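The following exercises concern a single protein chain.

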Amino acid sequence: AVELAGAGADVIRLDQGAVDFEPPSGFARGVKESLNDPDVHRYAPDPGLPELRAALSRYGADSFGVEWDPQAEIVVTAGANQAGFATLLAIAEPGDEVLLPTPWYFNHAMAVTAIGAVPVPVATRAEDGFAPSIAAVTAAITSRTRALVLINPNNPTGAVYPDELIRELTELAVERDLWILTDQTYQELHFGASPSLSPAAVTGARDRVITVCSFSKSLGLAGWRLGFVACQG
């Protein structure tokens, strides 16, 4: 695609979700100013700067209605892909099955395969708005199923799952002792008045939901490879 575009072809790229707006005003200035701080060039805590994790905790409360402990329940990562991969390493073993509604985000499938687990497709239909049905998810669960991955708003379909469906899927996962890995990279990109329900906010699911987020889309910072993972324990 890059070569074709460089040769003058009119290419519409559907391989990545790339926003068409700049980072927040003042971002570049703040980065430049921070370079004068000697601490910026030293080792930082592995989970991320305490100030950033505290800010992300406030973000979780405001945007998700979830109280994450910034010291124990948030880890800053090199993008959402690292967050998802590290999560799968922590919760799944080789041979375990991970449910992925189709059409799926290819990096999730690759991460599942890379750790030796098995990606299991859960078919969705255009007439249902590409939302996975409770029946389809239930039918895909076996004794080897370890987790259900949800992307809401969805990549690549753009579907926004109804709150009631999110609630039902989360309750099903809790009932069947499954993890929910919820990728909310596109949390802030929607046409509605407010983002849809996060699985982490469903009553009784706090210790079964792992939330993955990215700075790439909502803040236009894809090149910085910044994200985080959070889970209430």
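**Exercise 1. A serine at the end of a strand**

Which residues does Ser-214 touch, not counting residues up to four places away in sequence? Determine also where Ser-214 is placed and whether Ser-214 is buried or exposed.

*Solution.* 

Step 1. The model is predicted: local features require pLDDT of at least 70, side-chain atom pairs count only at pLDDT 80 or more, and totals for chains, interfaces and linings use all residues. Residues are numbered from 1 along each chain as its sequence is written, and side-chain values use heavy atoms, with hydrogens and water left out.

Step 2. Ser-214 touches Ala-80, Thr-185, Leu-226 and Gly-227, with residues up to four places away in sequence not counted. Contact means heavy atoms within 4.5 Å.

Step 3. Ser-214 belongs to strand S6, residues 209-214. Helices (H or I, at least four residues) and strands (E, at least two) are DSSP runs, numbered from the N terminus.

Step 4. The relative accessible area of Ser-214 is 11%, so this residue is buried. The classes are buried under 20% relative accessible area, exposed over 50%, and partly exposed in between (1.4 Å probe, protein chains only).

Step 5. The side chain of Ser-214 also reaches the backbone nitrogen of Ser-216, at 2.8 Å.

**Exercise 2. A histidine in helix H5**

State where His-108 is placed, and identify the side chain with which the side chain of His-108 makes a polar contact.

*Solution.* 

Step 1. His-108 is placed in helix H5. With a relative accessible area of 8%, His-108 is buried.

Step 2. The side chain of His-108 makes a polar contact with the side chain of Asp-183, at 2.9 Å. A polar contact is a pair of N or O atoms within 3.5 Å; within protein, one must be able to donate a hydrogen and the other to accept it, and residues adjacent in sequence count only if both atoms are side-chain atoms.

Step 3. Apart from neighbours within four places in sequence, His-108 is in contact with Leu-88, Leu-100, Val-149, Ile-151 and Asp-183.

**Exercise 3. The surroundings of H5**

List the buried residues of H5, name elements that cover them, and describe the packing of H4 and H5.

*Solution.* 

Step 1. Helix H5 comprises residues 106-114, and its buried residues are Asn-107, His-108, Ala-109, Ala-111 and Val-112.

Step 2. The cover of these buried residues includes helix H4 (79-91) and the strands S2 (97-101), S3 (118-122), S4 (145-151) and S5 (179-183).

Step 3. H4 and H5 pack at an angle of about 35°, and their axes are 9 Å apart. Axes are lines fitted to C-alpha atoms, for helices over the stretch in contact, and angles run from 0 to 180 degrees between N-to-C directions.

Step 4. On the H4 side, Asn-81, Phe-85 and Leu-88 meet Asn-107, His-108, Ala-111, Val-112 and Ala-114 of H5. By class, this contact of H4 with H5 has five nonpolar, three polar and no charged residues. Ala, Val, Leu, Ile, Met, Phe, Trp, Tyr, Cys and Pro count as nonpolar, Asp, Glu, Lys and Arg as charged, and the others, Gly among them, as polar.

Step 5. H5 is followed by Gly-116, which has a positive phi near 90°.

**Exercise 4. Backbone features in the loops**

Locate the cis peptide bonds that involve Pro-103 and Pro-156, and give the phi of Phe-130 and of Asp-177.

*Solution.* 

Step 1. Thr-102 and Pro-103 are joined by a cis peptide bond with omega of about -10°. Pro-103 lies in the loop between S2 and H5.

Step 2. From Asn-155 to Pro-156 the peptide bond is cis, with omega near 20°. Pro-156 is located in the loop between S4 and helix H7 (163-175).

Step 3. Phe-130 is not a glycine, yet has a positive phi of about 60°. Phe-130 is in the loop between S3 and helix H6 (134-140), and is partly exposed, with a relative accessible area of 31%.

Step 4. Asp-177, likewise not a glycine, has a positive phi of about 60°. Asp-177 is found in the loop between H7 and S5.

**Exercise 5. The chain as a whole**

How many helices and strands does the chain have, and in what order do the elements run?

*Solution.* 

Step 1. The chain has seven helices and seven strands.

Step 2. From the N terminus on, the order is α-α-α-β-α-β-α-β-α-β-α-β-β-β.

Step 3. Of the 233 residues of the chain, 41% count as buried.
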